Amino acid sequence: MRKLFLVLMMPVLATGPTTAPDKSDVMAAVRQFVDGFNKGDTKKTVAACTDQTSIIDEFPPHEWHGAGACAKWLGDYDADARKNGITDGFVTLRTPRHIDISADRAYVVVPANYTFKKKGKPVKETNSMLTLTLEKNAAGWRINGWAWAKN
């Protein structure tokens, strides 16, 4: 009976609670993306993403997906910022609400603040929400989808 119990429990044990290093590694990829954005480091930002990424954000065209989506999003962000007089964009992550990990996939929900200047005047978008999905590959955890919801 004990052996049968262990055999039945193996799938549960294999996908049991994640450890702190797993969550730290997932958040490191999220922070890499945000840090790259904050520093204007395109290479660092894009390196945090898989090549096939899906993105939803508040500025047109509002949705990006497929090969090179993170780089395309950055280009469109820059164009929209120039058009609207937006400078000094900076995202601050707060304490994550969820970091759910199942094998090589992760789901993260993290409140965030976005500050910037619009035509020289400071603007704050507080209590926005960044929701991401990630996958673990040979290079580590990488973002394969994210959505921004401003408050």
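Begin by selecting Cys49 and Cys70, which are joined by a disulfide (a pair of cysteine sulfur atoms within 2.5 Å) with an S to S distance of 2.1 Å. The link is left-handed, at -80 degrees about the S-S bond. It ties together distant parts of the chain, 21 residues apart: Cys49 in strand β1 (residues 49-56) and Cys70 in helix α4 (residues 69-84). Helices (H or I, at least four residues) and strands (E, at least two) are DSSP runs, numbered from the N terminus. Both Cys49 and Cys70 are buried (under 20% relative accessible area, 1.4 Å probe, protein chains only).

This is a predicted model: local features need pLDDT of at least 70, side-chain atom pairs count only at pLDDT 80 or more, and totals for chains, interfaces and linings use all residues. Residues are numbered from 1 along each chain as its sequence is written, and side-chain values use heavy atoms, with hydrogens and water left out.

Next, colour the chain by pLDDT (the predictor's confidence in each residue, from 0 to 100). The mean is 90, and 86% of residues reach 70 or more. Over residues 1-16 the pLDDT is below 50, and this stretch has zero contacts (heavy atoms within 4.5 Å) beyond near neighbours in sequence. Where pLDDT is low, the predicted coordinates should not be read in detail.

Then select Asp57, Glu58, Phe59, Tyr77 and Tyr114, the closest to the centre of the largest pocket among its 21 lining residues. A pocket is an open set of points on a 1 Å grid over the protein atoms alone where a 1.4 Å probe fits, with protein on both sides within 12 Å along at least five of seven lines; lining residues have an atom within 4 Å of a point. Helix α4 gives the most to this lining, with five residues.

Notes:
Buried means under 20% relative accessible area, exposed over 50%, partly exposed in between (1.4 Å probe, protein chains only).
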